Amino acid sequence: MKLSDAPQAASTDVVTTLLTGAEIVCHAMKAEGVEFVFGYPGGAVLVIYDEIHKQSHFKHILVRHEQAAVHAADAYARATGRPGVALVTSGPGVTNAVTGIATAYMDSIPMVIITGQVPTYAIGQDAFQECDTVGITRPCVKHNFLVKDVGELAETIKKAFFIATTGRPGPVVVDIPKDVSMASAPFHYPSTVDMRSYRPTNKGHGGQIKKAMQMLLSAERPMVYVGGGAILGDASEQVTTLVKMLGYPCTNTLMGLGAYPSTDRQFVGMLGMHGTVEANMAMQNCDVLIAIGARFDDRVIGNPTHFNAGNPTRKIIHIDIDPSSISKRVKVDVPIVGNIKDVLDEMIAQIKSAEQKPNGIAAWWKQIEEWRAKDCLKFKQSDTIIKPQYVVQKLWEVTKGDAFVTSDVGQHQMWAAQYYGFDKPRRWINSGGLGTMGVGLPYAMGCKFAFPDADVACITGEGSIQMNIQELSTCKQYDLPIKVILLNNRYLGMVRQWQDFFHGNRHAESYMDALPDFVKLAEAYGHVGMKIEKPGDVEGALKEAFALKKRLVFMDFLTDQKENVFPMVPGGKGISEMILAEDL
Amino acid sequence: MRHILSLLLENEAGALSRVAGLFSARGYNIESLTVAPTEDATLSRMTIVTTGSDDVIEQITKQVNKLIDVVKIVDLNEGRHVERELMLVKLRAVGKDREELKRTADIFRGRIIDLTEKTYVIELTGAGDKLDAFLEAIDPSLILEAVRTGACGLGRGEWIVKA
Ligand SMILES: Cc1ncc(C[n+]2csc(CCOP(=O)(O)OP(=O)(O)O)c2C)c(N)n1
């Protein structure tokens, strides 16, 4: 039967129609309002693909590698806030997808990944293209299911979406054996599920919120530290309102960029290993720290012993949806478990009605401005050689700071984070937790599908881009006019930087010979290629590329090979122990 | 410090491996782990004995709670509780040892549940240190093999762990 003939999912309890497992998958997607399924076919999912072919409620996007399917779906979720969906076949389809799943897991991205499995009777027999999908993915999913009975398929998919999108979000895998896809059952898609073993806390504890407010309002050297959780929880409006009302300094983590507008004066820049002096120093020296959807990870606060010992009287308030994120690396004084948006709304209401007004913190601002005056992100411009930071600055100007910017992993990622000022949430799409090279291009695809009219730029390195370069073909098939900004330094730059700093300048395997001619490569895939070698050409080339509204433009910028990312906190050090460009 | 954690989890395929996998992935200790369905067949009750500082135990509890199949986790050390472990020991029992071994088993309230001309199998329950003490009381050369279940425990009195 056709999808349009099917009973309206979620609207009726009367179930008469029998549907096959494959049909149930399609109807479930329809009921969930899925727009795109990113995938790649194979034996175990052929029946599902056959159903996909017959329906028109969602579009299937055929990628060139399953890893890219998962990354693209992940980016769709990051950019829109709605769950991303990927579909892959059993065995190698699954193992190819694992990097994508782990990447989404580390950054708490809501996704549902449907995987084909060999028929139930063949499981455990080392069948062709069999792998233990539930076992392989278990440590990198929020949850996973193996569906052995078609009668449980609809409810399992509902549960998968429910689990993926509630509480601390994350990827959920639903493994469907081929015979389950072929068998039939009455179709009923529940509108809600209640699981006794999964009831995430949403509402923050009133008493704790009150306590936090008192602490915050009487602070003398306060600091607001905002992470990716604020973006995932769609709370950046509340973050901005609260910070404005308080008049306190605010920093965002790599994953939190855009949660608080970077062009605002109260924003002191990103913190962490490559954070600004003012952000890291304020973080280290504040008397009251409020952490909002952040997790004090090693790239952010450096060595926790140093972080604590350097300031033992600092009081910490921590708001997070996930109790296990609280007091994991740093002991906090006021934990608040709950939905960030609601907790902040409550705080904002309390400030409005409170008699106590926030402390004037002029002395603290004076200190912060002194740190800011160091101008730690300044770099030496050159007339002869393109500075990578300059390309990012010009990209910001040409796109008016309003593009979706994806990145890969390495130096270019840090320069993108430092020099492209994000004023809005969900505009900066990168792999912060797992640090997966190769995400940039598929991430740009996911953004472009979600927002076809927006500018989408992928800032990448010549190492990273080659990890999923095949997706240029997908971009051609679906006419995705992404702009690839390759900061080509002919090195695995971030590796080279660490080797220069910590391994006696020995460049062990960080130089890649035999790079392709990227212009020709782009052209071979049917796109526009540009090579930019002089600083004077950067702006013009960017303008020209973004004017080509309908074409993917691959921009190969030959950048300074020796440039390093500063400031830098060496691994294991405290965050106030930064190396600055001027120190060297 | 040693802690005894009591869990209720959905009696689903793979639930055990999720818990065990979490412990190995995060580097937590497991001294013993026992699991079986109980009066409600949809649930399994698991007891885990682990060691760690208070901070580590707090993290373990939170991380285990986060597993979707886990309905509840309680640290029995937070209150008064009872715990028991079952051990079966096979002993070489010939000649004058036969009477001596039986007497020792009696002292520990052990029961002989299998006997042949040359062997006993003794069943013993108790807290772990009692089982240790029994093994220490026996001449090691007479111990042929032993198997232990690991501890299981319940809170005392009205302290009830329910779904
Ligand atoms: C899949 C993967 N493999 C290895 C690494 C380790 N790694 C981190 S940065 C980097 C170099 C990246 O080089 P490139 O993409 O050219 O970017 P650049 O640092 O030069 O800007 C490497 C190898 C990684 N993050 N991901």
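This is a predicted model: local features need pLDDT of at least 70, side-chain atom pairs count only at pLDDT 80 or more; totals for chains, interfaces and linings use all residues.
Most peptide bonds, by contrast, are trans. Pro567(A) belongs to the segment that comes after strand E20 (553-558) of chain A. Thr166(A), which is placed in the loop between helix H6 (153-165) and strand E7 (171-177) of chain A, is partly exposed, with 16 other C-beta atoms within 10 Å. Between the C-alpha atoms of Thr166(A) and Val330(A), which are 164 residues apart along the chain, the separation is 25 Å.

Two helices of chain A were examined for the arrangement of their buried residues. Helix H8 (residues 206-217) of chain A contains twelve residues and reaches 17 Å from its first C-alpha to its last, which is close to the 16 Å expected at 1.5 Å a residue. Within H8(A), the residues Ile209(A), Ala212(A) and Leu216(A) are buried; because they cover an arc of only 60° around the axis, they are placed on the same side of H8(A). An α-helix has 3.6 residues a turn, so residues three or four places apart point the same way. The partners against which the buried residues of H8(A) pack are strand E9 (222-226), strand E12 (288-292), strand E13 (315-320), strand E14 (334-337) and helix H14 (340-353) of chain A.

In helix H2 (residues 46-54) of chain A, the buried residues are Val47(A), Ile48(A), Glu51(A) and Ile52(A). Viewed down the axis of H2(A), these buried residues fall within an arc of 145°, and they therefore line one face of the helix. Their packing partners in chain A are helix H1 (21-31), strand E3 (59-62), strand E4 (84-88) and helix H7 (178-182).

The ligand is surrounded by 20 residues, the closest of which are Gly410(A), Gly461(A), Gly463(A), Ser464(A) and Gly493(A). Two or more residues of this shell are given by each of helix H17 (411-419), helix H19 (462-465) and helix H21 (493-502) of chain A. By residue class, the shell around the ligand consists of seven nonpolar, eleven polar and two charged residues.

Chain B has four helices and nine strands, and their order along the sequence follows the pattern β-α-β-β-α-β-β-α-β-β-α-β-β. The C-alpha trace of chain B spans about 55 × 35 × 35 Å along its principal axes, and of the 163 residues in this chain, 28% are buried. Of the contacts in chain B between residues at least 6 apart in sequence, 72% join residues at least 24 apart. Strand E2 (residues 32-37) and strand E3 (residues 43-51) of chain B run antiparallel and are joined by six bridges. These two strands, E2(B) and E3(B), form a hairpin with five residues between them, and Leu33(B) stands opposite Ile48(B) in E3(B).

Between the two chains, 16 residues of chain B are in contact with twelve residues of chain A. On the side of chain B that touches chain A, two or more residues are given by each of helix H1 (15-25), helix H2 (54-66) and strand E4 (70-75) of chain B, with H2(B) giving the most, namely five residues. This side of chain B divides into five nonpolar, five polar and six charged residues.

Technical notes
Residues are numbered from 1 along each chain as its sequence is written. Chains are lettered from A and ligands numbered from 1 in the order in which they are written. Two strands pair if DSSP finds at least two bridges between them. A residue is near a molecule or strand if its C-beta atom, placed from the backbone, lies within 6 Å of it. Ala, Val, Leu, Ile, Met, Phe, Trp, Tyr, Cys and Pro count as nonpolar, Asp, Glu, Lys and Arg as charged, and the others, Gly among them, as polar. Two residues are in contact if their C-beta atoms, placed from the backbone, lie within 7 Å. A residue is buried if 20 or more other C-beta atoms lie within 10 Å of its own, exposed if 12 or fewer, and partly exposed in between; C-beta atoms are placed from the backbone. The expected span of a helix is 1.5 Å times one less than its number of residues. The arc is that of the directions from the helix axis to the C-beta atoms.
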